[in-house]
Amino acid sequence: MQLLDGKKTAEDIKNEIAAEVQAIKDAGGKVPHLAAVIVGTDGASLTYVGSKVRSCQQIGFDSTLVSLPEDITEEALLAKIKELNEDDDLDGFIVQLPLPKHINEEKILMAVNPDKDVDGFHPTNFGKMALEMDTFIPATPFGIMQLLERYKVETSGKHTVVIGRSHIVGRPMSILMSRKGYPGDSTVTITHSRTKNIEEYTKNADIIITALGVPNYLKANMVKEGVVVIDVGITRVEDASHPKGYLITGDVDFAEVSKKASFITPVPGGVGPMTIAMLLKNTLLARKLRSRN
């Protein structure tokens, strides 16, 4: 069994980006500038956005944190997005989800200029991805593809089972794994909460990508020997014996499934760190595209 070490791979990618940023500086060019919009004071969102800002500093990007009050109106948020769309100094920005309930997330994400949509959520970019055109790929699926590529995991002709159909992970993964080229060229089955007897699919899978959010859902008796397992799930599970009072747990029963797997991601330290690294990679791409235009 080989561990797909997202923490190490993300650091490698950040170092590669930092070298490119230094080369841009040395040539007198403009360094990439990423902004993050956060509405309210959700603890998990603040932590996540904070790590994005620190990563920008680490690799030499300019970064801006736009903190807005929880009770901001939808109209005021749309006005702020229009302002960011028109800010020529800004290469890309993200709107941290979830948003407060009184704000329509779809309307907000649709308002983002696709050329600055480094999260890859806008329908224009999603459609380009499906059509195998160059575009911003959603950060978590992009990170998974990078892990598969850098660890030279064979995907061509393999049966990939995706558990979960979210627009952020499951749906784009099903598209990416079936696209032509490497990593890709897989035969893909997408399963979800309405799928009956999921284990019938997972037992025959060469590659399983699970983004369900149910701790320890995937058991050893649901997979075959030599399976490749990508665990996107991340859930806090209360544990009084742990110093923090909880454990971070994935969708996969790691202790048992890892005995049968050829490759597997840990939780934490697998897919999570790759997500931020890919956001930075998308921002660098946005800067390059803007400099060409």
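User: In which sense do strand 8 and strand 11 pair, and over how many bridges?

Analyst: Strands (E, at least two residues) and helices (H or I, at least four) are DSSP runs numbered from the N terminus, and two strands pair if DSSP finds at least two bridges between them. Here strand 8 and strand 11 (residues 263–264) pair in the parallel sense over two bridges, with Phe263 of strand 11 as the bridge partner of Val228. Strand 8 also pairs in the parallel sense with strand 7 (residues 207–210), over four bridges; there Thr210 stands opposite Asp231 of strand 8. The model is predicted: local features need pLDDT of at least 70, side-chain atom pairs count only at pLDDT 80 or more, and totals for chains, interfaces and linings use all residues. Residues are numbered from 1 along each chain as its sequence is written, and side-chain values use heavy atoms, with hydrogens and water left out.

User: What is the order of the strands in the open sheet, and which strands stand at the edges?

Analyst: The six strands of the open sheet follow the order 1-11-8-7-5-6, with parallel pairing. Strand 1 (2–3) and strand 6 each have a single partner strand, so one side of each is left without a neighbour in the sheet.

User: Are the residues of strand 8 buried or exposed?

Analyst: Buried means under 20% relative accessible area, exposed over 50%, and partly exposed in between (1.4 Å probe, protein chains only). In strand 8 (residues 228–231), Val228 and Ile230 point one way and Val229 and Asp231 the other way, and all are buried.

User: Which residues touch the most other members of the largest nonpolar core?

Analyst: In soluble globular proteins, nonpolar side chains tend to be buried together. A nonpolar core is a set of buried Ala, Val, Leu, Ile, Met, Phe, Trp, Tyr and Cys residues joined through side-chain atoms within 4.5 Å. In the largest core, of 49 residues, Ile17, Phe61, Ile144, Met173, Ile209, Ile230 and Leu280 touch the most other members. Helix 10 gives the most to this core, with nine residues. Leaving aside neighbours within four places in sequence, Phe61 is in contact (heavy atoms within 4.5 Å) with residues including Ile17, Val21, Cys56 and Leu280.

User: How many residues of helix 7 are buried, and what do they pack against?

Analyst: Seven of the nine residues of helix 7 are buried, among them Met173 and Ile175. The buried residues pack against helix 5, helix 6, strand 5 (159–163), strand 6 (187–191) and strand 7.

User: Which helix gives the most to the lining of the second largest pocket?

Analyst: Helix 10 does, with nine residues. This pocket has a volume of about 530 Å³. Of its 24 lining residues, the closest to the centre are Asp134, Thr135, Phe136, Leu285 and Leu289.

Methods:
On a 1 Å grid over the protein atoms alone, a cavity is a set of points where a 1.4 Å probe fits but cannot get out, and a pocket is an open set with protein on both sides within 12 Å along at least five of seven lines; lining residues have an atom within 4 Å of a point. Grid points are joined across faces, edges and corners, and a volume is the space filled by probe spheres set on the points.
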